[in-house]
Amino acid sequence: MANPEESAPDVPGKDLAKPARKEELPSAELRHMVALAVTCSVVLVSGLFIGVLWLLGFPPLVPVGQQGISLARALDLLKLSFAVVAGVGGVIALVVAYRKQQVTEAAEHRQQAAHQREDTKLFNERFSTVSDKLGHDSPAVRLAGIHALAGLADDAPTRDLRQTVIDVLCAYLRMPYEPDPGDDGDRAERLR
């Protein structure tokens, strides 16, 4: 059975109130990723430690004071290897988080642009319908058109569209008014 929220028509502003669902990784996939990360870390630390020992010529482990490398120094090298791998892992995590943030912001920007286009399209349809009323023969319909334009200006999604409505209203009000001469006016006025 369909979820009522999924089958409901899109209402502007509705998705702003509803929190976005995060896509979660399945637990098996998450376990594989963690295992891979731990394995890579161990391999990197081991490789770095062996690389440092190779640079030192693989000195023998000896007690303190004899020729070779002491156990304390070997443990320090191992700690240094762990620190380097952790630092590289931290940098990689920061880069991934930064990229994810960029992708999320770009998606939000595209969604806002889509909402803006939809709002502008709806506004243009309403504007076209209401502005047709200004040319109607009946004064009551023209007056309703003026009130509808004023309401449309209040609902305009951008300042530019609001200014367009105001410009149309002002131009309409500046048009010269010539009352209908009626049946008793002369023939030239009635024809005009």
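Proline 60 is exposed in this predicted model, with a relative accessible area of 51%, and its place is in the loop between α3 and β1 (61-62). Although proline 60 and serine 70 are ten residues apart in sequence, their C-alpha atoms lie 8.3 Å apart in space.

**The chain as a whole**

- Of the 192 residues in the protein chain, 12% are buried.
- When contacts between residues at least 6 apart in sequence are considered, 43% of them join residues that are at least 24 apart.

**Helix α4**

- Helix α4 runs over residues 71-133 and has 63 residues, reaching 93 Å from its first C-alpha to its last, which is close to the 93 Å expected at 1.5 Å a residue.
- The buried residues of α4 are Ala74, Leu77, Ser81 and Val85, together with Phe123, Phe127 and Val130.

**Serine 81 and its surroundings**

- Serine 81, which lies in helix α4, has a relative accessible area of 1% and is therefore buried, the cut-off for that class being under 20%.
- Once neighbours within four places in sequence are set aside, the residues in contact with serine 81 are Val45, Leu48 and Phe49.

**Alanine 37 in helix α3**

- Alanine 37 is found in helix α3, which covers residues 27-55, and with a relative accessible area of 43% this alanine is partly exposed.
- Alanine 37 and glycine 89 are 52 residues apart along the chain, yet their C-alpha atoms are separated by 9.5 Å.

**Packing of α4 with α6**

- Helix α4 packs with helix α6 (residues 159-174) at an angle of about 10°, and the axes of the two helices are 12 Å apart.
- Because angles under 35 degrees count as roughly parallel, α4 is described as roughly parallel to α6.
- On the α4 side the contact is made by Thr120, Phe123 and Phe127, while α6 contributes Leu161, Thr164, Val165 and Val168.
- By residue class, the contact of α4 with α6 is made up of five nonpolar and two polar residues, with no charged residue taking part.

**The aromatic pair**

- How many aromatic pairs does a search of the whole structure find? The search finds one, and this pair is formed by phenylalanine 123 and phenylalanine 127.
- The rings of phenylalanine 123 and phenylalanine 127 are 6.1 Å apart centre to centre, with 15° between their planes, so the pair counts as stacked under the limit of 30 degrees.
- Phenylalanine 123 and phenylalanine 127 are four residues apart in helix α4, which means that about one helical turn separates them.
- An α-helix has 3.6 residues a turn, so residues three or four places apart point the same way.
- Are phenylalanine 123 and phenylalanine 127 buried or exposed? Both phenylalanine 123 and phenylalanine 127 are buried, and both belong to the α4 side of the contact with α6.

Technical notes
Residues are numbered from 1 along each chain as its sequence is written. This is a predicted model: local features need pLDDT of at least 70, side-chain atom pairs count only at pLDDT 80 or more; totals for chains, interfaces and linings use all residues. Side-chain values use heavy atoms; hydrogens and water are left out. Axes are lines fitted to C-alpha atoms, for helices over the stretch in contact, and angles run from 0 to 180 degrees between N-to-C directions. Angles under 35 degrees count as roughly parallel, over 145 as roughly antiparallel, 65 to 115 as roughly perpendicular and the rest as oblique. Contact means heavy atoms within 4.5 Å. Ala, Val, Leu, Ile, Met, Phe, Trp, Tyr, Cys and Pro count as nonpolar, Asp, Glu, Lys and Arg as charged, and the others, Gly among them, as polar. Rings of Phe, Tyr and Trp (its six-membered ring) pair if their centres lie within 6.5 Å; planes under 30 degrees apart count as stacked, over 60 as edge-to-face and the rest as tilted. Buried means under 20% relative accessible area, exposed over 50%, partly exposed in between (1.4 Å probe, protein chains only). The expected span of a helix is 1.5 Å times one less than its number of residues.
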